[in-house]
Amino acid sequence: MKEYTQEINITDELMSHINEIISHYPEGKQKSALLPVLHIVQDAHDNWLSVGLMDKVAEILQITPIEVYEVATFYSMYNLKPVSKYMLEFCRTACCCIRGGEDLMDYTCNKLGIKPGEITPDGMFSVVGVECLGACGYGPMLQLGDFYHEHMTPEKIDVLIEDCKQQNIKLHA
Ligand code: FES
């Protein structure tokens, strides 16, 4: 398996945010902060986690690297290799599929000229299928960054992609 490397940059600001999260848990239970810490560390590193970065998180939380790998490989919200700037995560579970989610994902792939899991040559877009995102009544839906885009249609996809190209879209809350 190819190993990807990235520059690890735990700034003072990031470290104080990590410590603030750790402080929410009882003394000696810093492992409980693992999920939120992985989120902010990933956000600060182009939205993905290399093995080296996961090892750094293990060191900070004083746990073993395998404890970090177990969590990071289980949840689809953690990316273990470089990702596109705009990752369109389509729900592919029943309610969204019934409402045309798979067709919409195909439409988006065709529009961008990529297959699910691929990244456009300019590094801007990727299309990923994920399991239920808990917005079943609003399908078909997708997640982009921290935000949900609901009741999606091909026309709304066109607008969303254009907004991304114009850098006119917010990724983080
Ligand atoms: S089935 Fe799509 S959000 Fe639940």
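A salt bridge is a side-chain nitrogen of Lys or Arg within 4 Å of a carboxyl oxygen of Asp or Glu. The structure described here is a predicted model. It holds 4 salt bridges.

Arg-92 forms a salt bridge with Glu-131. The closest N and O atoms of this pair are 3.0 Å apart, which is within the 4 Å limit because that limit defines the contact. Arg-92 sits in the loop between β1 (86–91) and α5 (94–98). Glu-131 sits in the loop between β2 (125–130) and β3 (142–144). The pair therefore ties together parts that are 39 residues apart in sequence. Arg-92 has a relative accessibility of 42%, so this residue counts as partly exposed. Glu-131 is also partly exposed, with a relative accessible area of 47%.

A salt bridge also joins the side chains of Lys-111 and Asp-158, at 3.2 Å from N to O. This pair links distant parts of the chain, 47 residues apart. Lys-111 belongs to helix α6 (residues 101–112), and Asp-158 belongs to helix α7 (residues 154–165). Lys-111 is partly exposed at 40% relative accessibility. Asp-158 is partly exposed too, with a relative accessible area of 27%.

The salt bridge between Glu-59 and Lys-56 lies within one helix, α3 (residues 51–61). Here the N to O distance is 3.4 Å. The two residues are 3 residues apart, so about one helical turn separates them. Glu-59 counts as exposed because its relative accessibility is 54%, and exposed means over 50%. Lys-56 has a relative accessible area of 28% and is partly exposed.

Helix packing was examined next. Two packed helices are described by the angle between their axes and the distance between the axes. Helix α1 (residues 12–22) packs with helix α2 (residues 34–43) at an angle of about 165°. Their axes are 10 Å apart. This angle makes α1 roughly antiparallel to α2, because angles over 145 degrees count as roughly antiparallel. The crossing of α1 past α2 is right-handed.

The surface carries a nonpolar patch of about 380 Å². Leu-35, Phe-74, Tyr-75 and Met-77 make this patch. Phe-74 lies in helix α4 (residues 65–74). Its relative accessibility is 63%, so Phe-74 counts as exposed.

Technical notes. Residues are numbered from 1 along each chain as its sequence is written. This is a predicted model: local features need pLDDT of at least 70, side-chain atom pairs count only at pLDDT 80 or more; totals for chains, interfaces and linings use all residues. Side-chain values use heavy atoms; hydrogens and water are left out. Patches are made of residues with over 30% relative accessible area and no salt bridge: like charges are joined within 9 Å, nonpolar side chains (Val, Leu, Ile, Met, Phe, Trp, Tyr) within 5 Å. Accessible areas come from the Shrake-Rupley method with a 1.4 Å probe; for residues, only the protein chains shown count as cover. Helices (H or I, at least four residues) and strands (E, at least two) are DSSP runs, numbered from the N terminus. Buried means under 20% relative accessible area, exposed over 50%, partly exposed in between (1.4 Å probe, protein chains only). Axes are lines fitted to C-alpha atoms, for helices over the stretch in contact, and angles run from 0 to 180 degrees between N-to-C directions. Angles under 35 degrees count as roughly parallel, over 145 as roughly antiparallel, 65 to 115 as roughly perpendicular and the rest as oblique. A crossing is left-handed if the near helix is turned anticlockwise from the far one by less than a right angle, and right-handed if clockwise.
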